[in-house]
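Here are a few friendly notes to read alongside the structure. Please have a look at the model first, then work through the points.

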Amino acid sequence: MGNIIEELYYGNLRPEERIVPKDSAYRAINKEITAYIEKFQRKLSEDDFKQLEVLFDMMDQVHSIHSKEAFASGFKIGTLIMIESGFTS
């Protein structure tokens, strides 16, 4: 990553795209989720499965909004810590 200000200006600063959890449970849970989705796809009618996909999309949107707010809150807290500790570069 180059100059952080330039990256921000050009819209290249997307931390959510760079995060890959290292917790071993993350991959295991993702595999289990995939298995459940495939199971529902086989059992449900095409229309019912499309409705389930709409639900998943809405849940993704809610998760994204929550993640954005958590990131902003963490960033603000970090900034306040730097200010209070007298950090200067």
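1. Is Lys50 buried, partly exposed or exposed? Lys50 is partly exposed, with a relative accessible area of 45%; buried means under 20%, exposed over 50% and partly exposed in between, with a 1.4 Å probe and protein chains only.

2. A word on the basis: this is a predicted model, where local features need pLDDT of at least 70 and side-chain atom pairs count only at pLDDT 80 or more, while totals for chains, interfaces and linings use all residues. Residues are numbered from 1 along each chain as its sequence is written, and side-chain values use heavy atoms, leaving out hydrogens and water.

3. Lys50 pairs with Glu46 in a salt bridge, their closest N and O atoms being 3.4 Å apart. The term means a side-chain nitrogen of Lys or Arg within 4 Å of a carboxyl oxygen of Asp or Glu. The structure holds one salt bridge. Glu46 is exposed, at 60% relative accessible area. Because Glu46 and Lys50 are four residues apart in helix α4, about one helical turn separates them.

4. Now for the largest pocket, with a volume of about 900 Å³. Of the 22 residues lining this pocket, Glu16, Asp60, His63, Ser64 and Ser67 are the closest to its centre. On a 1 Å grid over the protein atoms alone, a pocket is an open set of points where a 1.4 Å probe fits, with protein on both sides within 12 Å along at least five of seven lines, and lining residues have an atom within 4 Å of a point. Grid points are joined across faces, edges and corners, and the volume is the space filled by probe spheres set on them.

5. Helix α4 (46-84) supplies at least two lining residues, as do α1 (4-9), α2 (15-18) and α3 (24-43). The largest share, 10 residues, comes from α4. Helices here are DSSP runs (H or I, at least four residues), numbered from the N terminus.
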